[in-house]
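Please keep the sequence and the structure in view while reading.

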Amino acid sequence: MPPEPGPGRGWLLRLVIAFAFAQGAVSMARPAVSYRALSLGADERAIGVIAGVYALLPLFAAVPLGRRTDHGRCAPLLPVGVLLIGGGCALSGASGSLAALAAWSGVMGLGHLCFVIGAQSLVARQSAPADQDRNFGHFTIGASLGQLVGPIAAGFVISEQDGAMARTSALALLVSAVVAAVSFSSLWRIEHRRTAVAARKEAQKVPVGAILRTRGVPAGIFISLAVLSATDILTAYLPVVGEHRGIAPATVGLLLSLRAAATIACRLVMTPMLRRVGRAALLSTTCLLGGLLCAAIALPVPVWGLAAMLAVLGFCLGVGQPLSMTTVVQAAPAAARSTALALRLTGNRLGQVAAPASAGLIAGVAGTAAPFVMLGALLAGAAGLGLRGGGPVAAAPATEPPAPRAEAPRAEAPRAEAPRAEAPRAEAPRAEAPRAEAPRAERHRAERDAS
C-alpha cells in the first residue's frame, strides 16, 4: 500500500529549505571550530579528536532515535535538532578551552543527527517508492546548499590577520547559531498526521541483526560512510592544508563551496544519469574517481588545480548519499525503515569518529596531506562494494512488476485441478445403482405373492 501524500504539495520544499539552513549552520561552524581550535593552540591531532567528538554522541543515539521514529511521528525531531545545533554553535563560540570546544561540538553533532533522522524518515514515509530516488535527491540538495553557503560565510567572517582569528572564529560560530534558528520558519505543517498514525499501527520491532543481514543494507551503509567521511575530512582538514600551503581562509571557504556547488549540479542531473548508466555502475564509477581525486589532493598543486579537482570531486561525492538512502530504504523491512536509516547514520557517525581520529594520527606522523590518501583508499573500497551491492537494488524496480505475472499460473492451478473436484459427479451413477434395481426387487416380490 503506497504511503499517503504529504501535507500539501509544498512539504518537501519546506523540508529542503529547513535542511539548507540547518546544514548551512553546521557547514559554517565546522571550519570555524577548526580555526578556533588553531587559535587556542591545537595541533593536527587535536583537530582530529575534536572533529571525531562531533560524531561521538550520535554514534550511540542513532538507533534509539530511529526506533522511536518508527513507532511515532518524525516532525518533533526537527525542532529539537535545530535547538541543539544552534546551542552547540553558540557555546562553541563562547568556549575558551579545547575540551569545552570538543564537548559543544558533540552537542552540535547530536542536533544534526536528530534533524537528519527525522527528515530522512519523513521523506521515506511520505514518498511513493517510485519517487524515492527523486525526493531523496531533492532533499540532499538542501544539504548541498548549506554546504555551499556555509564555508563561504565562514571564510569571509574569519580573518587571521593581526591575531584576530580567535575573535573572528568565535563570531562565525555565533552567526552560525543564528542561521540555524532561521530553519524554524519552514517547519510548519510538514508531516501528515495520518501517515504517522498508520506507521504507528504497522510498526514492529525488527531486530538490528536482521536489518543488517538484509541484502543491500550493508552496502548502502558502507558507501554512505565512505562518502560522508570524505566530505567531513575535506571540511575539517582543508583549512589545515590551507594554513600549511599559505592559502587564505576566504579562499579555502570558496574551495569548499565550489565542491558543494558541484554536488548540487550532480543531484540535479542524477535522475537522467541513473536512467542512462544504472545504479551500480554510477555508484562504482563515482566512488572510484572520487577516491583518485582525494588522493591527488595530497599533491602540491596550485590553487586553480585544487579548485578543478574539488569541483570534479564534489560532483562524484554527490551521488553516494541519496542513492545510499534509497538503497537502504528499499532493502529494509517496511516496518523498520527509520531504524535502518538510523543504522546508516550510525555507520556515518562511526566513520566520522574513526576517520578524523585516524586522519589526525596520520597527519601527525606523515603530514597534513596524508589523510586524503586514506580517503582515496576508503572510496576505492566503496567502489568495489557498490559494484557488487548496487546491482540487485537497481534491478528491483525492473523485476518486481513482472513478478505477479510469473506467479499467475500458480494462482490458476486450482482451475486445472477442477476435474478432480468433479470426480464424485462421475461416480454418481454408482450411487444411483440401487435406485435402478428397486423396480426389479418389487417385481420379484409381486411374482412371489402371485404364486
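In this predicted model, Ile117 is in contact with Ala62, Leu65, Gly66, Thr69, Leu77, Ala342 and Leu345, when its neighbours within four places in sequence are left aside. Ile117 also belongs to the largest nonpolar core, which has 99 residues, and it is listed with Leu15, Phe115, Leu310 and Leu313 as the members that touch the most other members. The largest share of this core comes from α1, which supplies 15 residues.

Where is space left empty? Rolling a probe the size of a water molecule over the atoms shows this. The count comes to four cavities of 30 Å³ or more, and the table gives the volumes of two of them.

| Cavity | Volume |
|---|---|
| Largest cavity | about 410 Å³ |
| Second largest cavity | about 50 Å³ |

The largest cavity is lined by 29 residues, of which Gln23, His112, Ala143, Gln147 and Leu228 are the closest to its centre. Two or more lining residues come from each of several elements, including α1 (11-39), α5 (98-126) and α6 (132-157). By class, this lining has 11 nonpolar, 12 polar and six charged residues.

Around the second largest cavity lie Arg30, Val33, Ser34, Ile47, Ile50, Ala51, Ser105 and Ala236, and the elements that give two or more residues to this lining are α1 and α2 (44-53). Sorted by class, the lining of the second largest cavity has five nonpolar, two polar and one charged residues.

Conventions. Residues are numbered from 1 along each chain as its sequence is written. This is a predicted model: local features need pLDDT of at least 70, side-chain atom pairs count only at pLDDT 80 or more; totals for chains, interfaces and linings use all residues. Side-chain values use heavy atoms; hydrogens and water are left out. On a 1 Å grid over the protein atoms alone, a cavity is a set of points where a 1.4 Å probe fits but cannot get out, and a pocket is an open set with protein on both sides within 12 Å along at least five of seven lines; lining residues have an atom within 4 Å of a point. Grid points are joined across faces, edges and corners, and a volume is the space filled by probe spheres set on the points. Helices (H or I, at least four residues) and strands (E, at least two) are DSSP runs, numbered from the N terminus. Ala, Val, Leu, Ile, Met, Phe, Trp, Tyr, Cys and Pro count as nonpolar, Asp, Glu, Lys and Arg as charged, and the others, Gly among them, as polar. A nonpolar core is a set of buried Ala, Val, Leu, Ile, Met, Phe, Trp, Tyr and Cys residues joined through side-chain atoms within 4.5 Å. Buried means under 20% relative accessible area, exposed over 50%, partly exposed in between (1.4 Å probe, protein chains only). Contact means heavy atoms within 4.5 Å.
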